[in-house]
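These are my notebook entries on a structure that I had not looked up before. I begin with the charged side chains and then turn to the sheet and the aromatic rings.

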Amino acid sequence: LRLLTGVRYTFHVVRLRRRVWTRLDRVAPGLPVAVFVGDRFLPRHVVLVTGVGDWRARTYEPASGLDLDVARHRWERGDLALAGWDRPWFVVSPAR
């Protein structure tokens, strides 16, 4: 992401799902946030969050090629259903 945006990124563990939304708030225009998602055992897939509103995150799902609006409660409950994966594991976001 740094090569594409010119901005330094940092890595955050968000296994405690209540933390995921505070990390997604670092989305800014032109600065996507990568989120590793998986099952309860391992991360298996990466999605890009490209925008965050009050109760949703605009999420690019590369397996389907779709931009989806994923509700905040789905992020916090670990009920994502993104390419069959539900739980957020890591967030790679712009450093502040």
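Which side chain meets that of Asp 69 in a salt bridge of 3.1 Å, N to O? I looked this up in the model, which is predicted, and found the side chain of Arg 58.

**Entry 1**

Asp 69 is partly exposed, with a relative accessible area of 42%. Arg 56 counts as partly exposed at 35%, and Arg 58 counts as partly exposed at 30%.

The count for the model comes to 4 salt bridges. One of them joins Arg 77 to Asp 79, with the closest N and O atoms 3.1 Å apart. Asp 79 is partly exposed at 34% relative accessibility.

**Entry 2**

I next examined strand E4, which spans residues 56–61. In a regular strand the side chains alternate between the two faces of the sheet. In E4, I found Ala 57, Thr 59 and Glu 61 on the covered face, while Arg 56, Arg 58 and Tyr 60 are on the uncovered one.

E4 pairs with strand E3 (residues 43–52) in the antiparallel sense over 4 bridges, and a hairpin of 3 residues joins the two. I noted Arg 58 as the bridge partner of Gly 51. E4 is also joined to strand E5 (residues 66–71) by 6 bridges, again antiparallel. Here the bridge partner of Tyr 60 is Asp 67. The hairpin of E4 and E5 has 4 residues between the strands, and in this hairpin Gly 65 takes a positive phi near 75°.

**Entry 1. The whole sheet**

In what order do the strands of the sheet lie? I read the order as E1-E6-E2-E3-E4-E5, an open sheet of 6 strands with antiparallel pairing. The edge strands are E1 (9–13) and E5, each pairing on one side only. The twist averages 30° from one strand to the next. At the E1 side, I found 5 bridges that join E1 to E6, with Ser 93 as the bridge partner of Thr 10.

**Entry 2. Aromatic rings**

I looked up the aromatic pairs, and their count comes to 3. The rings of Phe 36 and Phe 90 have centres 6.0 Å apart and planes at 75°, so this pair is edge-to-face. Because Phe 36 lies in strand E2 (residues 33–38) and Phe 90 in strand E6 (residues 87–94), the pair ties together parts that are 54 residues apart in sequence.

Finally, I looked at Leu 42, in the loop between E2 and E3. Its C-alpha atom is separated by 8.0 Å from that of Trp 89, 47 residues apart along the chain.

How values were computed
Residues are numbered from 1 along each chain as its sequence is written. This is a predicted model: local features need pLDDT of at least 70, side-chain atom pairs count only at pLDDT 80 or more; totals for chains, interfaces and linings use all residues. Side-chain values use heavy atoms; hydrogens and water are left out. Rings of Phe, Tyr and Trp (its six-membered ring) pair if their centres lie within 6.5 Å; planes under 30 degrees apart count as stacked, over 60 as edge-to-face and the rest as tilted. Buried means under 20% relative accessible area, exposed over 50%, partly exposed in between (1.4 Å probe, protein chains only). Two strands pair if DSSP finds at least two bridges between them. Axes are lines fitted to C-alpha atoms, for helices over the stretch in contact, and angles run from 0 to 180 degrees between N-to-C directions.
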